[in-house]
Amino acid sequence: MSKVWFITGAGSGLGTGIAQAALRGGDRVVATGRNLEKVRNVYPDVAQENIAFVQLDVANEAQAKAAVDEAMKRFGRIDVLVNNAGYSLLGNFEQMTTAEIQQQFATNFYGVVHLMHAVLPVMRRQRSGHIINISSVAGVVGLKHCAAYGATKFAVEGLSLSVATEVEQFGIKITVVEPGFFRTDLLDAQNVRWVSKVVEDYAAEGTAEDMWSKYSGTQPNDPAKLGEALVKIATMQHPPKIFAAGSDALSTITPAIEERLQDMRVHETLSKGMEGSF
Ligand SMILES: NC(=O)c1ccc[n+]([C@@H]2O[C@H](COP(=O)([O-])OP(=O)(O)OC[C@H]3O[C@@H](n4cnc5c(N)ncnc54)[C@H](OP(=O)(O)O)[C@@H]3O)[C@@H](O)[C@H]2O)c1
(Lines give C-alpha, C1' and ligand atoms only; values in the text may rest on other atoms or scores of the structure.)
Protein backbone atom coordinates (compact mmCIF):
# COMPACT_ATOMS: atom_id res chain seq x y z
CA MET A 1 0.00 0.00 0.00
CA SER A 2 1.25 3.48 -0.84
CA LYS A 3 2.55 5.38 2.18
CA VAL A 4 2.42 9.05 3.17
CA TRP A 5 5.81 10.47 4.17
CA PHE A 6 6.15 13.71 6.14
CA ILE A 7 9.69 15.05 5.70
CA THR A 8 11.28 18.06 7.39
CA GLY A 9 13.95 20.05 5.55
CA ALA A 10 12.83 18.53 2.24
CA GLY A 11 14.30 21.38 0.17
CA SER A 12 17.86 20.07 0.00
CA GLY A 13 20.35 17.33 0.77
CA LEU A 14 19.20 14.19 2.56
CA GLY A 15 15.61 15.44 2.83
CA THR A 16 15.39 15.71 -0.95
CA GLY A 17 17.13 12.35 -1.48
CA ILE A 18 14.64 10.66 0.86
CA ALA A 19 11.57 12.41 -0.61
CA GLN A 20 12.55 11.59 -4.18
CA ALA A 21 13.16 7.95 -3.32
CA ALA A 22 9.75 7.72 -1.63
CA LEU A 23 8.07 9.31 -4.67
CA ARG A 24 9.90 6.95 -7.04
CA GLY A 25 8.63 4.06 -4.92
CA GLY A 26 5.02 5.21 -5.54
CA ASP A 27 4.48 6.86 -2.17
CA ARG A 28 3.14 10.37 -1.43
CA VAL A 29 5.17 13.05 0.29
CA VAL A 30 4.50 16.06 2.50
CA ALA A 31 7.58 18.11 1.68
CA THR A 32 8.15 20.74 4.33
CA GLY A 33 10.61 23.58 4.72
CA ARG A 34 11.19 27.12 5.89
CA ASN A 35 11.37 28.49 2.35
CA LEU A 36 8.50 26.94 0.39
CA GLU A 37 9.62 28.34 -2.94
CA LYS A 38 12.98 26.60 -2.50
CA VAL A 39 11.23 23.33 -1.62
CA ARG A 40 8.79 23.58 -4.56
CA ASN A 41 11.64 24.18 -7.00
CA VAL A 42 13.19 20.84 -6.09
CA TYR A 43 10.11 18.87 -7.23
CA PRO A 44 9.00 20.54 -10.48
CA ASP A 45 7.67 17.40 -12.20
CA VAL A 46 5.86 15.61 -9.39
CA ALA A 47 2.11 15.13 -9.96
CA GLN A 48 0.13 17.37 -7.61
CA GLU A 49 -1.80 14.48 -6.10
CA ASN A 50 1.44 12.91 -4.85
CA ILE A 51 3.00 15.87 -3.07
CA ALA A 52 2.00 18.59 -0.59
CA PHE A 53 4.22 21.56 0.16
CA VAL A 54 3.91 22.79 3.73
CA GLN A 55 5.58 25.69 5.51
CA LEU A 56 7.57 24.53 8.52
CA ASP A 57 10.33 25.90 10.69
CA VAL A 58 10.82 22.94 13.04
CA ALA A 59 11.97 25.20 15.88
CA ASN A 60 8.44 26.64 15.99
CA GLU A 61 6.16 24.29 17.94
CA ALA A 62 2.90 25.90 16.77
CA GLN A 63 4.02 25.61 13.14
CA ALA A 64 4.85 21.94 13.66
CA LYS A 65 1.31 21.25 14.90
CA ALA A 66 -0.23 23.32 12.06
CA ALA A 67 1.91 21.54 9.45
CA VAL A 68 0.80 18.12 10.70
CA ASP A 69 -2.85 19.29 10.66
CA GLU A 70 -2.39 20.49 7.07
CA ALA A 71 -0.82 17.17 6.05
CA MET A 72 -3.77 15.31 7.62
CA LYS A 73 -6.26 17.52 5.76
CA ARG A 74 -4.47 16.79 2.52
CA PHE A 75 -3.71 13.05 2.77
CA GLY A 76 -5.66 11.84 5.83
CA ARG A 77 -2.73 9.90 7.32
CA ILE A 78 1.00 9.99 8.04
CA ASP A 79 2.86 6.70 7.74
CA VAL A 80 6.47 7.83 7.92
CA LEU A 81 7.77 10.93 9.70
CA VAL A 82 11.36 11.81 8.78
CA ASN A 83 12.94 14.29 11.18
CA ASN A 84 15.71 15.47 8.92
CA ALA A 85 15.95 19.28 9.29
CA GLY A 86 19.12 20.42 10.96
CA TYR A 87 22.30 22.41 10.77
CA SER A 88 25.72 22.21 12.38
CA LEU A 89 27.39 24.59 14.81
CA LEU A 90 31.08 23.71 14.68
CA GLY A 91 34.07 24.73 16.77
CA ASN A 92 35.65 24.20 20.14
CA PHE A 93 33.18 24.03 23.02
CA GLU A 94 34.93 26.89 24.85
CA GLN A 95 34.35 29.10 21.84
CA MET A 96 30.58 28.53 21.78
CA THR A 97 28.19 30.83 23.55
CA THR A 98 25.31 29.35 25.51
CA ALA A 99 22.93 31.11 23.13
CA GLU A 100 24.57 29.38 20.13
CA ILE A 101 24.20 26.00 21.85
CA GLN A 102 20.54 26.73 22.72
CA GLN A 103 19.83 27.65 19.08
CA GLN A 104 21.46 24.43 17.95
CA PHE A 105 19.17 22.49 20.31
CA ALA A 106 16.12 24.53 19.22
CA THR A 107 16.40 23.12 15.70
CA ASN A 108 18.22 19.78 15.94
CA PHE A 109 16.61 18.49 19.15
CA TYR A 110 13.45 20.48 19.95
CA GLY A 111 12.53 20.37 16.26
CA VAL A 112 12.34 16.58 16.61
CA VAL A 113 10.42 16.91 19.90
CA HIS A 114 7.84 19.25 18.29
CA LEU A 115 7.24 16.93 15.34
CA MET A 116 7.06 13.78 17.45
CA HIS A 117 4.58 15.45 19.81
CA ALA A 118 2.46 16.50 16.83
CA VAL A 119 2.61 13.22 14.88
CA LEU A 120 2.44 10.57 17.61
CA PRO A 121 -1.29 11.15 18.34
CA VAL A 122 -1.97 10.61 14.61
CA MET A 123 0.09 7.42 14.52
CA ARG A 124 -1.50 6.17 17.76
CA ARG A 125 -4.95 6.62 16.23
CA GLN A 126 -3.78 4.78 13.13
CA ARG A 127 -2.16 2.07 15.29
CA SER A 128 0.75 2.25 12.87
CA GLY A 129 3.59 4.50 11.79
CA HIS A 130 7.34 4.78 11.48
CA ILE A 131 9.43 7.68 12.77
CA ILE A 132 12.87 8.03 11.21
CA ASN A 133 15.11 10.45 13.09
CA ILE A 134 18.27 11.61 11.36
CA SER A 135 21.13 11.64 13.83
CA SER A 136 24.80 11.50 12.82
CA VAL A 137 28.06 9.67 13.45
CA ALA A 138 28.49 12.60 15.86
CA GLY A 139 25.43 11.24 17.71
CA VAL A 140 27.29 8.10 18.75
CA VAL A 141 30.98 9.10 18.75
CA GLY A 142 32.51 12.19 20.36
CA LEU A 143 34.01 14.25 17.53
CA LYS A 144 36.24 17.31 17.73
CA HIS A 145 34.34 20.61 17.16
CA CYS A 146 31.01 18.79 17.45
CA ALA A 147 30.23 19.30 21.15
CA ALA A 148 26.92 21.09 20.56
CA TYR A 149 25.99 19.38 17.30
CA GLY A 150 26.90 15.97 18.75
CA ALA A 151 25.02 16.73 21.96
CA THR A 152 21.84 17.43 19.97
CA LYS A 153 22.26 14.16 18.06
CA PHE A 154 23.04 12.10 21.19
CA ALA A 155 19.86 13.66 22.63
CA VAL A 156 17.89 12.64 19.53
CA GLU A 157 19.18 9.07 19.96
CA GLY A 158 18.19 8.94 23.64
CA LEU A 159 14.78 10.39 22.85
CA SER A 160 14.20 7.94 20.01
CA LEU A 161 15.28 4.80 21.84
CA SER A 162 13.23 5.72 24.92
CA VAL A 163 10.04 6.71 23.09
CA ALA A 164 10.32 3.55 20.96
CA THR A 165 9.78 1.46 24.10
CA GLU A 166 6.60 3.44 24.89
CA VAL A 167 4.93 3.42 21.48
CA GLU A 168 5.80 -0.04 20.20
CA GLN A 169 2.52 -1.23 21.78
CA PHE A 170 0.63 0.99 19.28
CA GLY A 171 2.42 -0.45 16.24
CA ILE A 172 4.76 2.55 15.95
CA LYS A 173 8.41 1.97 15.04
CA ILE A 174 11.32 4.34 15.47
CA THR A 175 14.61 4.20 13.58
CA VAL A 176 17.60 6.44 14.27
CA VAL A 177 19.86 7.02 11.27
CA GLU A 178 23.56 7.78 11.71
CA PRO A 179 24.83 9.08 8.38
CA GLY A 180 28.49 9.41 7.53
CA PHE A 181 29.54 12.17 5.13
CA PHE A 182 26.88 12.76 2.47
CA ARG A 183 27.22 15.26 -0.41
CA THR A 184 24.73 17.93 0.76
CA ASP A 185 24.66 21.62 1.69
CA LEU A 186 25.31 20.90 5.41
CA LEU A 187 28.87 22.25 5.36
CA ASP A 188 28.05 24.92 2.80
CA ALA A 189 29.23 28.36 4.00
CA GLN A 190 25.61 29.60 4.00
CA ASN A 191 24.37 26.85 6.34
CA VAL A 192 27.13 25.86 8.73
CA ARG A 193 27.60 28.10 11.77
CA TRP A 194 31.07 28.59 13.17
CA VAL A 195 31.68 29.39 16.82
CA SER A 196 31.89 33.08 17.55
CA LYS A 197 34.27 33.49 20.51
CA VAL A 198 38.04 33.83 20.11
CA VAL A 199 40.13 31.81 22.59
CA GLU A 200 43.79 32.29 21.72
CA ASP A 201 45.00 28.95 23.11
CA TYR A 202 43.12 27.14 20.34
CA ALA A 203 44.50 29.31 17.54
CA ALA A 204 47.68 27.29 16.91
CA GLU A 205 45.81 24.25 15.55
CA GLY A 206 43.75 26.37 13.12
CA THR A 207 40.04 27.07 13.09
CA ALA A 208 37.09 24.70 12.82
CA GLU A 209 36.44 26.29 9.44
CA ASP A 210 39.94 25.26 8.29
CA MET A 211 39.25 21.69 9.34
CA TRP A 212 35.66 21.20 8.14
CA SER A 213 35.14 23.38 5.08
CA LYS A 214 37.43 21.17 2.97
CA TYR A 215 34.83 18.40 3.25
CA SER A 216 32.15 20.57 1.65
CA GLY A 217 31.53 19.25 -1.86
CA THR A 218 33.89 16.27 -1.40
CA GLN A 219 31.72 14.02 0.79
CA PRO A 220 31.70 10.43 -0.56
CA ASN A 221 28.07 9.40 -0.01
CA ASP A 222 25.04 10.06 -2.22
CA PRO A 223 21.75 11.27 -0.59
CA ALA A 224 19.78 9.39 -3.29
CA LYS A 225 21.25 6.10 -2.03
CA LEU A 226 20.32 6.90 1.57
CA GLY A 227 16.81 7.62 0.28
CA GLU A 228 16.65 4.17 -1.37
CA ALA A 229 17.86 2.50 1.84
CA LEU A 230 15.26 4.29 3.97
CA VAL A 231 12.46 3.37 1.57
CA LYS A 232 13.49 -0.29 2.07
CA ILE A 233 13.69 0.18 5.85
CA ALA A 234 10.21 1.71 5.87
CA THR A 235 8.80 -1.52 4.40
CA MET A 236 10.40 -3.77 7.05
CA GLN A 237 8.33 -5.57 9.65
CA HIS A 238 11.31 -5.32 12.01
CA PRO A 239 13.33 -2.28 10.97
CA PRO A 240 16.64 -1.49 12.69
CA LYS A 241 16.42 0.70 15.78
CA ILE A 242 19.71 2.29 14.77
CA PHE A 243 21.01 2.38 11.21
CA ALA A 244 24.54 3.53 10.32
CA ALA A 245 24.54 4.91 6.77
CA GLY A 246 27.69 4.79 4.65
CA SER A 247 30.95 2.82 4.80
CA ASP A 248 32.62 5.79 6.49
CA ALA A 249 29.94 5.75 9.21
CA LEU A 250 30.53 2.04 9.81
CA SER A 251 34.30 2.44 9.94
CA THR A 252 34.06 5.20 12.57
CA ILE A 253 31.22 3.80 14.68
CA THR A 254 32.29 0.14 14.81
CA PRO A 255 35.70 0.70 16.49
CA ALA A 256 34.15 3.24 18.87
CA ILE A 257 31.58 0.67 20.03
CA GLU A 258 34.26 -2.02 20.29
CA GLU A 259 36.42 0.35 22.36
CA ARG A 260 33.49 0.96 24.69
CA LEU A 261 32.90 -2.78 25.11
CA GLN A 262 36.61 -3.23 25.74
CA ASP A 263 36.58 -0.45 28.39
CA MET A 264 33.55 -2.04 30.04
CA ARG A 265 35.29 -5.42 30.18
CA VAL A 266 38.54 -3.95 31.52
CA HIS A 267 36.70 -2.10 34.31
CA GLU A 268 34.08 -4.78 34.92
CA THR A 269 35.32 -5.50 38.43
CA LEU A 270 35.12 -1.81 39.33
CA SER A 271 31.63 -1.51 37.80
CA LYS A 272 30.27 -4.49 39.69
CA GLY A 273 29.89 -4.65 43.42
CA MET A 274 28.08 -1.33 43.88
CA GLU A 275 25.27 -2.96 45.86
CA GLY A 276 25.07 -1.44 49.34
CA SER A 277 24.52 -3.32 52.60
CA PHE A 278 21.60 -1.04 53.58
N1 LIG B 1 25.30 15.52 5.08
C2 LIG B 1 25.92 14.84 6.00
O3 LIG B 1 27.07 14.43 5.82
C4 LIG B 1 25.23 14.53 7.29
C5 LIG B 1 25.86 13.65 8.17
C6 LIG B 1 25.24 13.37 9.37
C7 LIG B 1 24.01 13.90 9.66
N8 LIG B 1 23.42 14.75 8.78
C9 LIG B 1 22.11 15.31 9.15
O10 LIG B 1 21.25 15.22 8.05
C11 LIG B 1 20.22 16.19 8.16
C12 LIG B 1 20.04 16.89 6.84
O13 LIG B 1 21.18 17.65 6.53
P14 LIG B 1 21.81 17.71 5.08
O15 LIG B 1 23.11 17.07 5.15
O16 LIG B 1 20.83 17.28 4.09
O17 LIG B 1 22.11 19.28 4.97
P18 LIG B 1 21.38 20.42 4.15
O19 LIG B 1 21.46 20.14 2.70
O20 LIG B 1 21.96 21.69 4.67
O21 LIG B 1 19.86 20.28 4.58
C22 LIG B 1 19.42 20.68 5.84
C23 LIG B 1 17.96 21.02 5.71
O24 LIG B 1 17.46 21.35 7.00
C25 LIG B 1 16.67 22.51 6.85
N26 LIG B 1 16.58 23.25 8.09
C27 LIG B 1 17.58 23.77 8.86
N28 LIG B 1 17.05 24.39 9.92
C29 LIG B 1 15.70 24.27 9.83
C30 LIG B 1 14.59 24.68 10.62
N31 LIG B 1 14.75 25.39 11.75
N32 LIG B 1 13.36 24.34 10.21
C33 LIG B 1 13.16 23.64 9.09
N34 LIG B 1 14.15 23.25 8.27
C35 LIG B 1 15.40 23.56 8.65
C36 LIG B 1 17.33 23.30 5.76
O37 LIG B 1 16.37 24.19 5.22
P38 LIG B 1 16.70 25.66 4.68
O39 LIG B 1 16.84 25.47 3.22
O40 LIG B 1 15.51 26.46 5.07
O41 LIG B 1 17.96 26.11 5.35
C42 LIG B 1 17.71 22.21 4.80
O43 LIG B 1 16.65 21.89 3.93
C44 LIG B 1 20.64 17.11 9.31
O45 LIG B 1 19.90 16.77 10.46
C46 LIG B 1 22.11 16.78 9.50
O47 LIG B 1 22.53 17.02 10.83
C48 LIG B 1 24.00 15.08 7.61
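Residues are numbered from 1 along each chain as its sequence is written, and side-chain values use heavy atoms, with hydrogens and water left out. Because the model is predicted, local features need pLDDT of at least 70 and side-chain atom pairs count only at pLDDT 80 or more, while totals for chains, interfaces and linings use all residues.

**Salt bridges**

Let us start with the charged pairs. Side chains of opposite charge can pair when their charged atoms come close. Here a salt bridge is a side-chain nitrogen of Lys or Arg within 4 Å of a carboxyl oxygen of Asp or Glu. Searching the whole structure turns up 4 of them, including those in this table.

| Pair | N to O distance |
|---|---|
| R24 and E228 | 2.4 Å |
| D69 and K65 | 3.0 Å |
| D79 and R77 | 2.7 Å |

Take R24 and E228, whose side chains meet in a salt bridge. R24 belongs to helix α1 (residues 13-24) and E228 to helix α8 (residues 223-233), so this pair ties together parts that are 204 residues apart in sequence. Helices (H or I, at least four residues) and strands (E, at least two) are DSSP runs, numbered from the N terminus. As for cover, buried means under 20% relative accessible area, exposed over 50%, and partly exposed in between (1.4 Å probe, protein chains only). R24 is exposed at 53%, whereas E228 is partly exposed at 35%.

D69 is partly exposed at 35%, and K65 is partly exposed at 45%.

In the bridge between D79 and R77, D79 is buried, at 9%, while R77 is partly exposed, at 24%.

**A nonpolar patch and a buried serine**

On the surface, I257, L261 and M264 form a nonpolar patch with about 270 Å² of accessible area together. Patches are made of residues with over 30% relative accessible area and no salt bridge, like charges being joined within 9 Å and nonpolar side chains (Val, Leu, Ile, Met, Phe, Trp, Tyr) within 5 Å. Accessible areas come from the Shrake-Rupley method with a 1.4 Å probe; for residues, only the protein chains shown count as cover. L261 lies in helix α9 (residues 247-266) and is partly exposed at 37%.

S88, in the loop between β4 (80-83) and β5 (89-90), is buried, with a relative accessible area of 1%. Setting aside neighbours within four places in sequence, S88 is in contact (heavy atoms within 4.5 Å) with Q104, Y149, L186, L187, V192 and R193.
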